[in-house]
Amino acid sequence: MKLLKHSLFIAASILAAGCSNNNDATDYIAIEAYPNIKASFEGKINLNQLDNYANQVVPAYITKDNTTNNPITDKGATLGRILFYDKNLSATNTVSCSSCHVQANAFGDVAQASTGVNGLTSRHSMRLINTRFSNESKFFWNERATNLENQTTQPIQDHIEMGFSGTLGDGNFNTLTSKLQNIGYYKELFKFVYGSEDITENKIQLALAQFIRSIQSFDAKYDIGRALVANENQPFPNFTVQENQGKNLFLTPPVFDSSGSRTAGGLGCAGCHQAPEFSIDPNSRNNGIIGILNSNGIDITNTRSPTLRDAIKKDGSSNGAFMHTANLATLQNVIGHYGTITIASGNTNLDPRLRPNGSGQKLNLTATEVDALIAFIKTLSGSNVYTDPKWANPFK
């Protein structure tokens, strides 16, 4: 295809969304062939110069990756970005994935429970930073989704959240795909990405998962320091004495006596929150918080956690409260919880690392240790993820 007058055609990748590399081949894309995309996303989405999702820089010391059979592509993630922010994916056109996962809050929610089309969610919305970089491939707090692809459409098919449940008078997922099929920019986008206008749940899952896995944060003070040393156990040259103390406490296992009281060592946080990704150990059980939002019952199945990266913003302000119940407002509250673990009646799924010698752990923290640990966790927060336009709302 030749370059036409007035530069209607310019070079761009045409690889399919399932390919692992967007740069293996190039062709020319006629802007006028996609009038609805141009009209809806001009200045936000340029099909001739897609944002870089597929080939972002990942530090060499980051080794975990659960991408498996759905590698990130620029095309697929671009479609995923539009789906993520589009309120048309809810039954009432009022809620999108981004309603509960807000870029300014590390793709989490400051509300205890998020607002769906038919009420409030039953768990606090989990932050979506670095979801790709974990050995844990299951999703949701209780790991009910086998992978991220499966997770992406479950909120859409939830009566409370986005309302295409097929129950209680809701339409089902086919209702949604029919709805999207009648939106001009989706017919063009699915053809652009997959070579066909046909919209299916699988295609939606692949694209959403690519976009979500592309959301990464590796510009923190921790990353600057980690690049200067051979391993995370060495003092980081760019850290303060307090930050290095907090890092040592985080990484070093504690020593307990027969009653579960700490007598030496560190705090052992890395046993569950594995550095340098700070992702959750797939074998972790619950952490002793077994409450249910707006209920008096207990739920012992919540064993997943988001990465500790960007648990708070770089300036120390909140991205929202912590845990699936959002009942801990600050990092100090979180550390206090782990400082003295009470084994609640009925909690048969408490992580063994929190009940040494059969007793709830007592870390006997000093104020100096608490301050040092908080100082270290603050070093895990970056800046770019909060403002990078490739992860921002393309409808604004």
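Is Thr78 buried or exposed, and at what relative accessibility? At 3% relative accessibility, Thr78 counts as buried, where buried means under 20% relative accessible area, exposed over 50% and partly exposed in between, with a 1.4 Å probe and protein chains only.

## Basis of the report

The structure is a predicted model, in which local features need pLDDT of at least 70 and side-chain atom pairs count only at pLDDT 80 or more, while totals for chains, interfaces and linings use all residues. Residues are numbered from 1 along each chain as its sequence is written, and side-chain values use heavy atoms, with hydrogens and water left out.

Thr78 belongs to helix H2. Helices (H or I, at least four residues) and strands (E, at least two) are DSSP runs, numbered from the N terminus. Leaving aside residues up to four places away in sequence, Thr78 touches Ile45, Leu50 and Tyr53; contact means heavy atoms within 4.5 Å.

Helix H2 spans residues 74-85 and helix H7 residues 201-214; their axes come within 7 Å and cross at roughly 95 degrees. Axes are lines fitted to C-alpha atoms, for helices over the stretch in contact, and angles run from 0 to 180 degrees between N-to-C directions. H2 and H7 are therefore roughly perpendicular to each other, given that angles under 35 degrees count as roughly parallel, over 145 as roughly antiparallel, 65 to 115 as roughly perpendicular and the rest as oblique. By class, the contact of H2 with H7 has ten nonpolar, three polar and one charged residues. Here Ala, Val, Leu, Ile, Met, Phe, Trp, Tyr, Cys and Pro count as nonpolar, Asp, Glu, Lys and Arg as charged, and the others, Gly among them, as polar.

## Aromatic rings

Rings of Phe, Tyr and Trp (its six-membered ring) pair if their centres lie within 6.5 Å; planes under 30 degrees apart count as stacked, over 60 as edge-to-face and the rest as tilted. By this rule the count comes to 21 aromatic pairs. In one of them, the rings of Phe133 and Phe218 have centres 5.1 Å apart and planes at 70 degrees, so the pair is edge-to-face. Phe133 lies in the loop between strand E4 (119-120) and helix H4 (148-152), and Phe218 in the loop between H7 and helix H8 (221-226), so the pair ties together parts that are 85 residues apart in sequence. Both Phe133 and Phe218 are buried.

Ring pairs also link Phe41, Tyr185, Tyr186, Phe190, Tyr194 and Phe395 into a cluster. The buried residues of helix H6 (residues 184-194) include Tyr185, Tyr186, Phe190 and Phe192. The charged end of Lys75 sits over the ring of Phe192, 4.5 Å from its centre; this term requires NZ of Lys or CZ of Arg within 6 Å of the ring centre and within 35 degrees of the ring normal.

## Backbone features

Most residues other than glycine have a negative phi, and most peptide bonds are trans. Asn130, in the loop between E4 and H4, has a positive phi near 55 degrees; at 3% relative accessibility, Asn130 counts as buried. Leu168, in the loop between H4 and helix H5 (173-181), has a positive phi near 55 degrees, and at 68% relative accessibility Leu168 counts as exposed.

The peptide bond from Ala275 to Pro276 is cis, with omega near 0 degrees. Pro276 is located in the loop between strand E7 (273-274) and strand E8 (279-280).
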